[in-house]
Amino acid sequence: MRDTTPARGWLLWAPLATIYIVWGSTYPAIRVMVETMPPLLAAGVRFGAAGAIFWVVLRATGHAVRVRATRPQLAGAALIGTLLCFGGNGLVTVAEQDVEAGLAALIIGSVPLWVVLMRTLHGDHPPRATLAGVAVGFAALAALVLPGDRPGGAPLWGVLVIVCAAMLWATGSFYSRRVPLPPDVLGSTAWQMLFGGGGMVVVGLVAGEAGDVHAGEFSTKSILALAYLIVIGSVLAYSAYAWLLKHAPISKVATYAFVNPIVAIFLGWAFLDEEVTPTMAIAAAAIVLSVATVVRRESAPPEPEPEPVRERERAVA
């Protein structure tokens, strides 16, 4: 049952700051990881390892019931894990070979806008203010996709792949409320990561990425980035997120959706010498404001308790 007692002070802000900073930092970390590692295999190892850690810890601590699931629930976890981990994060990892981290995070930050669009297409009727925010956000997204002032000379294929990743992430977020999933938050997350990570490894092998695995050529930075993505980006951040869903208003938790791109853009600029063009700065402001409008409007009514991956109408990578 949901704990309705609100957390106060650092008990709330410590985990909130964790998902703000950590999930925003995953984009630069991915960029560093793929410098010397094949993208799908590396992303598959990331999610497969993180899912295995969750699964083993839950079992080892006497909570085996938390990872139990029926066949329909496992099928649902496989579908959502494929859409989110593989379709969302896996495609971002592939694209970040040629697209800067800040730009990738900004495009993925549009996920809540795509979710609203999907709701509308399925017969829902969001408020006009929400639709106005969506329109502004998509106009800014178009400015990033069209030829011209793309940061770092990002190729069109890479930008379009990330737009596709955002659409798949939104699809997974939307349908996660409509398919059977394991009832426990972390147990469901473990299964989704295992299925999504396993799928990326299989596709990576079929695509010939095994021939690109030269362990002796993996840089120390890439290895550390992979470790960071597994332990901090996935295990720690998801644990903090699961705690927040039980102790904080969903409207406050959902603010990560418009904070993460800002963090990613800053870290990419500060540590990876990534370019922030005028077009990107204006588009970033427009997208962040539109997402903030949507999150504020859509988080106001009470909602059923979501799972961590269901609420990733952003971004983690």
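I take helices as DSSP runs of H or I with at least four residues, numbered from the N terminus. Axes are lines fitted to C-alpha atoms over the stretch in contact, and angles run from 0 to 180 degrees between N-to-C directions.

The model is predicted, so I note that local features need pLDDT of at least 70, side-chain atom pairs count only at pLDDT 80 or more, and totals for chains, interfaces and linings use all residues. Residues are numbered from 1 along each chain, and side-chain values use heavy atoms, without hydrogens and water.

I looked up helix α8 (residues 185-206) against helix α9 (residues 220-247): the angle is about 145° and the axes are 11 Å apart. On the α8 side I list Val 185, Leu 186, Thr 189 and Met 193, and on the α9 side Ser 234, Tyr 238 and Ala 242, contact being heavy atoms within 4.5 Å.

Next I checked salt bridges (a side-chain nitrogen of Lys or Arg within 4 Å of a carboxyl oxygen of Asp or Glu). The whole structure has two. In one of them, Asp 184 meets Arg 66 at 2.8 Å, N to O. These partners are 118 residues apart, with Asp 184 in the loop between α7 (156-175) and α8 and Arg 66 in the loop between α2 (39-60) and α3 (71-95).

Methods
Helices (H or I, at least four residues) and strands (E, at least two) are DSSP runs, numbered from the N terminus.
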